[in-house]
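Let's take a walk through this structure together. Have the sequence and the 3D view open as you read.

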Amino acid sequence: MPELPEVETVRRGLAPVMEGARILSVEQRRPDLRFPFPADFAGRLTGRRVDGLSRRAKYLLAHLDDGLTLISHLGMSGSWRIETDGPDGDSPGRFHHARSKNAAHDHVVFHLAPKTGTNARIVFNDPRRFGFMAFAEEGELAAHPLIGKLGAEPTGNRLDGALLATLFHNRRAPLKAALLDQRLIAGLGNIYVCEALWRAGLAPDRAAGSIVNKHGGATAACDRLAAAVRAVIADAIEAGGSSLRDYVHADGALGYFQHRFAVYDREGEPCVQPDCDSVVLRTVQSGRSTFYCPACQR
Ligand SMILES: [Zn+2]
């Protein structure tokens, strides 16, 4: 399943082509993906200019010149690709998102007239159809059912030790569960939570509130964990453009940065921390695998 760093990689790949481009027409080839498309989907997009492309958690947001926002989600297997008739052909720029190329799963095609260059087609492909698209009217985005209750972004400096202390104060849930709670921090998946906890040296089953001091303030552990979360996500985004292509699984599933994982999916292998002679263990929390080093993480 695409995680936040991949969605950000996709955004960065699409932005140079989509931002400032006029939507000439939209081919909607099915009535639904995971959910039905909004009423008059193609009609409301046709003729609009894309003023900006942003991201909130795992949602890609295309901001249109009439105030409407197109919200899209990749689901399990969704991907976007860029096609042009220019000399560069398919996928200009750093757009290496692993994807299905089976045209039978091309469900939406946006025909664009970019500010410069040749016309382009932006194609949404989704074999399993867990992706979806929705609209939010101007002013409605902040309170939108999909967006309104999302927690802090794990990118940028807003996520610091003080914010983690506020979020985790008096929380008895394990650190792993608290980090996966989308109402607290939005967009963190299983892989990056395992990696961040290892980097911070914190045990995944420890109560979230145990890293907060008794006055509800940040401890060194809060600072370490916030920095680790930001660094894990930033590293994955950094790697996204260049390494995803090497990790297309045989079944066409999206690849991840497996060669960079310290603990994720490394059960029984040596911990990569210098001076640590322990091996990575796997446990199951809330039905999902957690990978950790019992020596490094306390
Ligand atoms: Zn270790």
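The paragraphs below go from the overall chain to the metal site, the aromatic rings and the charged pairs.

First, some ground rules. This is a predicted model, in which local features need pLDDT of at least 70 and side-chain atom pairs count only at pLDDT 80 or more, while totals for chains, interfaces and linings use all residues. Residues are numbered from 1 along each chain as its sequence is written, and side-chain values use heavy atoms, with hydrogens and water left out.

Let's begin with the whole chain. The protein chain contains six helices and 10 strands; helices (H or I, at least four residues) and strands (E, at least two) are DSSP runs, numbered from the N terminus. Of its 298 residues, 53% are buried. Here, buried means under 20% relative accessible area, exposed means over 50%, and partly exposed lies in between, with a 1.4 Å probe and protein chains only. The accessible surface of the protein chain is about 13500 Å², and carbon and sulfur atoms account for 49% of that; such areas come from the Shrake-Rupley method with a 1.4 Å probe, and for residues only the protein chains shown count as cover. Contacts (heavy atoms within 4.5 Å) tell you about the fold as well: among those between residues at least 6 apart in sequence, 66% join residues at least 24 apart.

Now turn to the zinc ion. Its protein donors are the SG atoms of Cys271, Cys276, Cys293 and Cys296, at 2.2 to 2.4 Å. Donors are N, O and S atoms within 2.8 Å of the metal (3.2 Å for Na, K and Ca), and since water is not among the atoms, sites may look incomplete. Along the chain, the donors are spaced as C-x4-C-x16-C-x2-C. For comparison, the ideal angle for four tetrahedral donors is 109.5 degrees. Cysteine 293 is buried, with a relative accessible area of 0%, whereas cysteine 296 is partly exposed at 21%.

Next, look at arginine 266, in the loop between helix 6 (220-243) and strand 9 (281-285). Arginine 266 is buried because its relative accessible area is 12%. Leaving aside neighbours within four places in sequence, arginine 266 is in contact with Phe261, Val272, Val280 and Phe291.

How many aromatic pairs does a search of the whole structure find? The search finds eight. Rings of Phe, Tyr and Trp (its six-membered ring) pair if their centres lie within 6.5 Å; planes under 30 degrees apart count as stacked, over 60 as edge-to-face and the rest as tilted. Phenylalanine 37 and phenylalanine 41 have ring centres 4.8 Å apart and planes at 50°, so this pair is tilted. Phenylalanine 37 is buried at 8% relative accessibility, and phenylalanine 41 is buried at 1%. Phenylalanine 261 and tyrosine 264 pair too: their centres are 5.4 Å apart and their planes are at 75°, so the pair is edge-to-face. Elsewhere, ring pairs link Phe35, Tyr59 and Phe132 into a cluster.

Helix 3 (residues 161-168) is mostly covered, with six of its eight residues buried. Among them are Leu163, Leu164 and Phe168. Just after helix 3, asparagine 170 takes a positive phi of about 65°.

Finally, the charged pairs. A salt bridge is a side-chain nitrogen of Lys or Arg within 4 Å of a carboxyl oxygen of Asp or Glu, and the count by this rule is 19. In one of these, glutamate 8 meets arginine 12, with the closest N and O atoms 2.8 Å apart. Both lie in helix 1 (residues 4-18), four residues apart, about one turn of the helix. Glutamate 8 is buried at 6%, while arginine 12 is partly exposed at 49%. Arginine 55 and glutamate 153 also form a salt bridge (2.9 Å, N to O). Arginine 55 lies in strand 2 (residues 50-56) and glutamate 153 in the loop between strand 8 and helix 3, so the pair ties together parts that are 98 residues apart in sequence. Both arginine 55 and glutamate 153 are buried. Salt bridges that share partners join Glu8, Arg11, Arg12, Arg55, Arg56 and Glu153 into one network.
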